Amino acid sequence: MSLCLLLPSLAPPINLCARDNPNDDGGKINLTWTLSSDDEELDGYRIYRKTETDTGFIELAFRGKGVNSYLDEEAQDGILYYYKITAIKGDEVAESELSNPVKSSPQWFDTSRINVVIFAGLFIF
């Protein structure tokens, strides 16, 4: 007679969202996700990226438990990227679903500085 025990599997991070970083000169993509429900037990999270033409993912970074965001500052403008996050606990790994496709691009107008522009315009005129 053999006895088989199923150990609970590690919960992956969910709701991975990739967005072009706003109000910058390009080259940056902001990632956010919902932490794994096993976050307290994790070693951390690995962040991966690939382009639509890449055959595999490259590892970008490792973040500790409790961290649910990452700024990819090495993206090239105009290239379509996909991301995934893995929760890590020892040898166990739980992979997120792929992010939405995203491209980085420079913004010609920094909306975070609109108050400065309005004030300067009022002062000059």
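Predicted model: local features only at pLDDT ≥ 70, side-chain atom pairs only at ≥ 80, totals over all residues.
Is Pro 101 buried, partly exposed or exposed, and what is the relative accessible area of Pro 101? Pro 101 is partly exposed, at a relative accessible area of 44%, where partly exposed denotes the range between buried (under 20% relative accessible area) and exposed (over 50%), computed with a 1.4 Å probe on protein chains only. Residues are numbered from 1 along each chain as its sequence is written, and side-chain values use heavy atoms, with hydrogens and water left out.

Pro 101 is located in the loop between strand 7 (92-95) and helix 1 (114-124); helices (H or I, at least four residues) and strands (E, at least two) are DSSP runs numbered from the N terminus. Beyond its neighbours within four places in sequence, Pro 101 is in contact (heavy atoms within 4.5 Å) with Leu 80, Tyr 81 and Tyr 82.

Val 102 belongs to the loop between strand 7 and helix 1. Val 102 is counted as buried, its relative accessibility being 7%. When residues up to four places away in sequence are not counted, Val 102 touches Ala 18, Arg 19, Asp 20, Ile 29, Ile 79, Leu 80, Tyr 81 and Tyr 83. Val 102 and Leu 80 are 22 residues apart along the chain, and their C-alpha atoms are separated by 5.5 Å.

In general, strands of a sheet pair through backbone hydrogen bonds, either parallel or antiparallel. Strand 1 and strand 2 run antiparallel and are joined by five bridges. Cys 17 has Thr 32, in strand 2, as its bridge partner.

Strand 5 (residues 69-72) includes Asp 72, which is counted as buried at 1% relative accessibility. The side chain of Asp 72 forms a polar contact with the side chain of Arg 49 at 2.7 Å. A polar contact is a pair of N or O atoms within 3.5 Å; within protein, one must be able to donate a hydrogen and the other to accept it, and residues adjacent in sequence count only if both atoms are side-chain atoms. The Asp 72 side chain also reaches the backbone nitrogen of Glu 74, at 3.0 Å. Residues touched by Asp 72, not counting those up to four places away in sequence, are Gly 27, Lys 28, Ile 29, Arg 49, Leu 60 and Tyr 83.

Asn 15, in strand 1 (residues 14-20), has phi near 55°, a positive value in a residue other than glycine, and is exposed with a relative accessible area of 55%. Asn 23 lies in the loop between strand 1 and strand 2 (29-34); its phi is near 55°, and Asn 23 is partly exposed at 27% relative accessible area.

How values were computed: Pairing = 2+ DSSP bridges.
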